[in-house]
Amino acid sequence: MAPPSAPNPQPQGLPRAYAVRSERERVLEAMVRVAAAKGYEATTVADVVEYADVSLAAFEEMFESKEACFLEAYDAVFDVLVAHVTAAFEAAAEEPWPEQIAAGLGALVDLLSQEADIARMAMVEVTAAGDDARSRYRAALARFTPFLEQGRTYSGQGEALPADTARFAVGGATSMIFDEVRAGRGPELKRILPDLVFAVLMPYLGPEAAEDEMRRVTRES
Amino acid sequence: MGKQAATKVLAGAEGTGSIREVDSFPQAPMLELVDSPKREKILAGMLEEVGSSGYDSTSVRTVLARTGLYRQAFYDNFSDKDDCYRVAFAAGVARLEALAAAAAASQETWRPKLRAGLGAVLDFLDAEPDVGRALFVEVHAAGPEALARRAEAMKKAADFIDLARLEASEGDSPPRIAPEGIVAGIHAVIHSRLSTGAEEGFRALLPEFMYFAVLPYFGADAASAEMQAARA
């Protein structure tokens, strides 16, 4: 049997559905790689088809357009990010909330720094890919909100905190990540982990407590 | 809102009437002196059209339909849609900066200055949500130049916010505050409202924005007091 990366793999004896699924996955991955390398605007269906080594007809059978393909790839990529962060947050369930947040951010930064293409696609190119992509991006970031909003209880401030606290915290942190990745410093993203921790905790806990946690993270990294 | 208001908004950035005001804002870029009401009308129409229909659905034709001008007036001033939007974007950002700076200039100290400057931006968004969308949400359509211009505007806002250090009592101000993060957080809240189609309610965000800006420099008690004060 041909390895999955070989051209036109036609696994012998496997049901047709398997081949379809694997073509789809190859196309989705190709979209991530090509969009990260060339930018979303410059990416064409022909590029994606060539990278994935599938026929144009196969692409068109699976996706209505370049945008539809990008959106599906985006959802898949973000599912991985959210699963990764959730696992780290939950693994730290015994720790106080600020440490849980630091663990989740650490996992995010780890994954993004190892997967430069994922980082570029998930955090940068998505903002250039039109209205639907931007609303997916907003919805995707909102999936981190439940972790953050536990800070209302932890801080004892509850509803006294501004309604948009989570959005503000996520906005500050994603903007730092966006700048680093866009400037090509994605692989060194770990360096800004302490700043990300501060940016996310500060709106909930105030500057002193956020700085304490930032110091702890700096010591441990 | 509508054409008239947007034209007024842009008049300050490009028109003759603005020069004195812009001069009083030293960080504002040098602006070309162009005495062309048609040009201003097209720029205003472009921002409104992009903000209400999205950049992709905007065409020279739809902009002209909005302004009631002929094709020739457009091509006398701009080479194409992209060119026009780039100019309109830069003029719109400059105007917004000038509005904020003028409002802040009427106050003496950091907190009232910030309240006034932010308030002016939010009032602008309530008056012209479509222009706001063109400037905040559709920026990517205007290319890397526009992204750089936005970064510059956000840097100016961050530098202003960081002047709080001068007023925070000594040792009180944690060294690692990134004012860029405060601006980015506020920007994210505005961006989210605009891109989900909000047409009003921006002014009501002022108290929480003041909370977020005051908190890192002066602590939770001062931030809560400021939020209450801004609500009044």
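Author: A contact here means heavy atoms within 4.5 Å. The model is predicted: local features need pLDDT of at least 70 and side-chain atom pairs count only at pLDDT 80 or more, while totals for chains, interfaces and linings use all residues. Residues are numbered from 1 along each chain as its sequence is written, chains are lettered from A and ligands numbered from 1 in the order in which they are written, and side-chain values use heavy atoms, with hydrogens and water left out.

Reader: What share of the contacts in chain B with a separation of 6 or more comes from residues 24 or more positions apart?

Author: In chain B that share is 68%.

Reader: How many helices and strands does chain A have?

Author: Helices (H or I, at least four residues) and strands (E, at least two) are DSSP runs, numbered from the N terminus. Chain A has eleven helices and zero strands. In chain B the count is 13 helices and zero strands. The C-alpha trace of chain A spans about 60 × 35 × 30 Å along its principal axes.

Reader: What percentage of the residues in chain A is buried?

Author: A residue is buried under 20% relative accessible area, exposed over 50% and partly exposed in between (1.4 Å probe, protein chains only). Of the 221 residues in chain A, 52% are buried. For the 232 residues of chain B the figure is 57%.

Reader: Why is helix α8 of chain B largely enclosed by the rest of the structure?

Author: Helix α8 of chain B covers residues 129–136, and eight of its eight residues are buried, so the helix is largely enclosed by the rest of the structure. The buried residues of α8(B) include D130(B), R133(B), L135(B) and F136(B).

Reader: Where is T58(B) placed?

Author: T58(B) sits in the loop between α3 (37–53) and α4 (60–67) of chain B. Its relative accessibility is 2%, so T58(B) counts as buried. Apart from neighbours within four places in sequence, T58(B) is in contact with M46(B), E49(B), V50(B), S53(B), V63(B) and K81(B).

Reader: How much area does chain A have as accessible surface?

Author: Accessible areas come from the Shrake-Rupley method with a 1.4 Å probe; for residues, only the protein chains shown count as cover. The accessible surface of chain A is about 10300 Å², and 52% of it belongs to carbon and sulfur atoms. Chain B exposes about 10300 Å², with carbon and sulfur atoms supplying 53%.

Reader: How much area is buried between chain A and chain B?

Author: The size of an interface is often given as the accessible area lost when the parts come together. Buried area is that loss for two parts (1.4 Å probe), summed over both. Between chain A and chain B it is about 2400 Å², of which carbon and sulfur atoms give 63%. On the chain A side, R138(A), P162(A) and F168(A) lose the most area to chain B, together 24% of what that side buries. In terms of contacts, 29 residues of chain A meet 28 residues of chain B.

Reader: With which residues is M202(A) in contact?

Author: Leaving aside neighbours within four places in sequence, M202(A) is in contact with P207(A), A210(A), F212(B), L215(B) and P216(B). M202(A) belongs to helix α10 of chain A. At 4% relative accessibility, M202(A) counts as buried.

Reader: How many cavities of 30 Å³ or more does the structure hold?

Author: On a 1 Å grid over the protein atoms alone, a cavity is a set of points where a 1.4 Å probe fits but cannot get out, and lining residues have an atom within 4 Å of a point. Grid points are joined across faces, edges and corners, and a volume is the space filled by probe spheres set on the points. The structure holds three cavities of 30 Å³ or more. The largest cavity has about 260 Å³ of space. It is lined by 18 residues, with L105(A), L108(A), F144(A), L148(A) and V200(A) closest to its centre. The elements that give two or more residues to this lining are α4 (66–91), α5 (97–114), α8 (145–155) and α9 (165–182) of chain A.

Reader: By class, which residues does the lining of the largest cavity have?

Author: Ala, Val, Leu, Ile, Met, Phe, Trp, Tyr, Cys and Pro count as nonpolar, Asp, Glu, Lys and Arg as charged, and the others, Gly among them, as polar. The lining of the largest cavity has 16 nonpolar, two polar and no charged residues.

Reader: Which residues lie nearest the centre of the second largest cavity?

Author: Of its 13 lining residues, A199(A), M202(A), A178(B), G181(B) and I182(B) lie nearest the centre. The elements that give two or more residues to this lining are α9 and α10 (193–205) of chain A together with α11 (179–195) of chain B. α9(A) gives the most, with five residues. The volume of the second largest cavity is about 110 Å³. By class its lining has eleven nonpolar, two polar and no charged residues.

Notes: On a 1 Å grid over the protein atoms alone, a cavity is a set of points where a 1.4 Å probe fits but cannot get out, and a pocket is an open set with protein on both sides within 12 Å along at least five of seven lines; lining residues have an atom within 4 Å of a point.
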